[in-house]
Amino acid sequence: MSYSLAKVDQIIDGYGADKEALIQILLDIQHEFRWLSRETLMHTADRLGLPMNQLYNVTTFYKHFSLVPQGRHAVSVCVGTACHVRGATRLLDRVAQGLKLSPDETSADEKFSLKTVSCLGCCALGPVMVFDGKYMSNPTSNEIAEIVEECE
Amino acid sequence: MTKLTSVSALEALREDILSRRDPKKTKVSVCSGTGCRAYDSEKVIDSLKAKLLDQGLNDKIDLVTTGCHGFCELGPVMVVYPEGISYFKIKPDDIDDIINETLSQGKVVDRLLYVDPEGNVITKEHDIPFYKHQNRVVFGSNQSIDPENIDDYLALDGYKALATCIGSLSPEEVLEIVKKAKLRGRGGGGFPAGQKWEATRNAPGDVKYVIVNADEGDPGAYMDRSILEGNPHSVLEGLLIGAYAIGCQKGFIYIRQEYPLAVEHLDRAISQMRELGLLGENILGTGFNFDIIVHRGAGAFVSGESSALMSSIEGKVGEPRPKYIRTSISGIHGCPSDLNNVETWANVPIIINKGADWFTSIGTEGSKGTKIFSLVGKVNNTGLVEVPMGMKLHDIIFKIGGGIRDGKKFKAVQTGGPSGGVIPEDMLDLPVDFDALDKVGSMMGSGGMIVMDEDTCMVDVAKYFLEFLADESCGKCVPCREGITQMLHILRMICAGEGKPGDLELLEEIAAMTKECSLCALGQSAPNPVLSSLKYFHAEYEAHVNEQCCPAHVCKDLITYHIDPAKCKGCGKCLRNCAVGAISGSKKEPHVIDLEKCTKCDTCFLVCPPKFSAVTKLSGKEEL
């Protein structure tokens with residue numbers, strides 16, 4: 001999705017351009033555009049009257065923020081404790097192999113992003129992979145390859 | 001909705017809701033919590049809704065879409081009331097039978113019932129061992145409540161405790177009840193909630209805050225999410241009661257953005273409260289003013305720590321500060337701020353309604369009431385369980401949890417998340433409460449209970465927790481930042497087969513330093529998983545260091561994959577599934593793994609049919 005500063009302004013105004021709502025504002029912007037561009041950060045800093053330093057401080061501290069574009073297809077592997085003892089490391093290896101990506105990487109064509117998450121709360125299915133919102137329990141290499149194939 | 005301007009108006013509304021409800025009417029409760037959603041419960045609900053409408057049954061049958069019932073292992077879960085018939089693992093295709101048999105004729109659909117390990121079929125929820133041994137004080141209402149409908153909460157005496165407090169008790173009296181109930185914080189520390197409230201109440205200042213800590217960061221624990229998803233009003237009511245007792249007009253809910261459904265239900269609940277006049281100015285005409293702001297966390301484990309959480313609410317980086325002065329005295333903007341966990345707040349209305357004496361009649365000497373645990377890992381009945389404090393670990397894991405999966409042997413249970421420790425088999429008689437867990441080097445934490453079997457490597461588990469903590473440590477203080485990093489380095493070397501004599505002693509030394517010198521609880525408790533596993537599973541560490549052997553066959557660098565020629569029937573399944581072409585062999589002839597090519601991805605081990613079990617992992621000096 002391309003960036004629109006008008007949309008960013010709308011989000012900032014929704015919080016009354018309150019400095020304290022910085023994290024909430026950034027969460028909404030990230031939700032809208034999947035990542036935070038430098039231009040947006042500068043604009044947000046300007047609108048809230050905050051130094052850029054603080055925006056970088058916050059966006060690099062919290063895991064959810066991404067300063068690089070994210071892939072069109074989001075793949076997460078749960079590495080929570082319950083999934084770990086049920087083989088999450090092996091699953092992560094298989095997914096990484098299937099996507100040809102390391103965890104926290106996005107493919108050059110912005111097709112896939114691979115992330116690890118700590119506990120999705122569906123421990124009964126563990127180890128779990130979430131592919132574009134669809135939960136899968138311990139898929140094999142072939143099953144992963146099939147989904148990758150199907151993606152545009 | 002009209003605003004309620006008095007306590008009697010609230011009671012009138014409740015009577016009106018109840019008068020429109022027939023307890024004898026058939027009610028179908030289907031779980032739509034995150035766990036069941038992962039099993040497609042939404043399709044089940046949509047299909048049921050459409051078919052009830054189609055057959056003109058929608059007036060005769062109440063369909064309630066609820067939050068988590070707890071038995072996540074067998075989702076999607078459905079209960080048919082008033083009989084209490086429980087169905088599990090429901091597929092959209094099962095709906096016709098449920099309507100035609102159960103809802104139309106009162107007959108039970110046998111294939112959807114629970115079957116215990118001995119093969120007995122159980123019809124009713126309260127007869128199923130998973131539920132039978134629980135005491136679901138906080139969590140029990142979940143299956144009767146549509147979290148998006150405040151009427152369901154009101155029908156179950158919702159906001160009655162609030163009305164009692166602000167209508168007829170003084171703040172001091174409310175505080176006394178909570179103190180007398182000896183409610184301890186469910187988020188990990190176990191600090192007495194009443195004492196915390198009192199400290200904030202007595203702290204100087206006109207502006208004070210109450211906060212819900214819903215930054216449930218422990219991997220493997222999800223009870224807070226399930227309470228907020230399934231019964232958000234119970235937490236909100238508790239918060240309002242606390243605010244009244246402490247003297248606050250503003251509260252915050254700090255919730256992880258990773259819990260979108262919980263955020264959605266919370267937002268909905270808050271707006272319903274506002275419409276009814278349960279938030280805002282002059283609540284129920286009593287002169288009590290209160291409002292709530294929801295703050296989503298952006299993903300930082302350390303931000304669940306009280307001072308870090310408060311700094312995050314101020315829009316800053318969520319790093320802890322030294323707490324020479326507690327946050328209950330100086331928190332958000334330097335104002336006295338009381339922070340309690342979701343489950344703690346949810347207990348408050350129950351204590352007010354049922355009394356402190358009733359509450360203290362449950363539990364042990366030092367830990368009163370119940371606790372919700374997420375019973376996960378290698379246990380048969382995975383899910384959320386609520387038990388009285390003091391129940392033996394053995395009973396939780398074997399009676400409720402149904403024992404270990406796949407007939408394997410129990411090895412350890414890990415409690416308290418990354419701050420807790422592992423507890424071995426000979427301690428299974430331990431009564432679970434705050435103090436007993438502390439004594440054995442673990443902790444209650446937020447209630448994660450991860451069961452491990454013989455296939456779990458304890459060194460790997462310790463490494464796992466340190467990897468998590470190394471990633472989540474904010475890096476502000478040296479002991480935590482460097483201590484965790486160095487311990488992790490040693491464990492990585494050990495798991496890679498490069499451990500050396502003296503490593504275990506050095507681990508203990510660094511652990512002691514990290515525990516002693518770290519700034520906040522994250523660092524102070526970070527060594528627990530290492531220390532407790534070193535204490536109870538020393539031989540396993542020694543095998544890794546001295547023999548380069550991982551007895552549980554987990555550490556990748558210490559194992560190799562082989563196919564046992566005596567067992568392999570040459571079915572070719574592993575060969576077809578191997579992603580790197582490391583397996584060769586003709587049909588019906590034993591296959592062979594090329595160790596040079598093998599990436600140890602475990603696929604062959606997973607796909608080898610159990611009747612053959614020909615793929616074997618070897619470590620150290622083990623031979624086929």
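This is a predicted model: local features need pLDDT of at least 70, side-chain atom pairs count only at pLDDT 80 or more; totals for chains, interfaces and linings use all residues.

The expected span of a helix is 1.5 Å times one less than its number of residues.

**Helix H20 of chain B**

- Helix H20 of chain B covers residues 503-517, which is 15 residues. From its first C-alpha to its last, H20(B) reaches 21 Å, close to the 21 Å expected at 1.5 Å a residue.
- Leu507(B), Ile510(B), Ala511(B) and Thr514(B) are the buried residues of H20(B). They lie on the same side of H20(B) because they cover an arc of only 105 degrees around the axis.
- An α-helix has 3.6 residues a turn, so residues three or four places apart point the same way.
- Glu505(B), Glu509(B) and Glu516(B) are exposed on the other side of H20(B).
- The cover over the buried residues of H20(B) includes three helices of chain B: H19 (478-495), H21 (521-525) and H22 (528-536).

**Contact between chains A and B**

- Chain A gives 36 residues to the contact, and chain B gives 39 residues.
- On the side of chain B that touches chain A, two or more residues each come from helices H2 (34-38), H18 (458-472) and H25 (603-607) and from strands E10 (288-297), E12 (370-377) and E16 (448-453) of chain B.
- That side of chain B consists of 17 polar, 16 nonpolar and six charged residues.

**Domains of chain A**

- Chain A is divided into domain 1, residues 5-61, and domain 2, residues 73-150.
- The centres of these two domains of chain A, taken over C-alpha atoms, are separated by 30 Å.

Key:
Residues are numbered from 1 along each chain as its sequence is written. Chains are lettered from A and ligands numbered from 1 in the order in which they are written. Two residues are in contact if their C-beta atoms, placed from the backbone, lie within 7 Å. Helices (H or I, at least four residues) and strands (E, at least two) are DSSP runs, numbered from the N terminus. Ala, Val, Leu, Ile, Met, Phe, Trp, Tyr, Cys and Pro count as nonpolar, Asp, Glu, Lys and Arg as charged, and the others, Gly among them, as polar. A residue is buried if 20 or more other C-beta atoms lie within 10 Å of its own, exposed if 12 or fewer, and partly exposed in between; C-beta atoms are placed from the backbone. The arc is that of the directions from the helix axis to the C-beta atoms. Domain bounds come from an automatic or database domain assignment.
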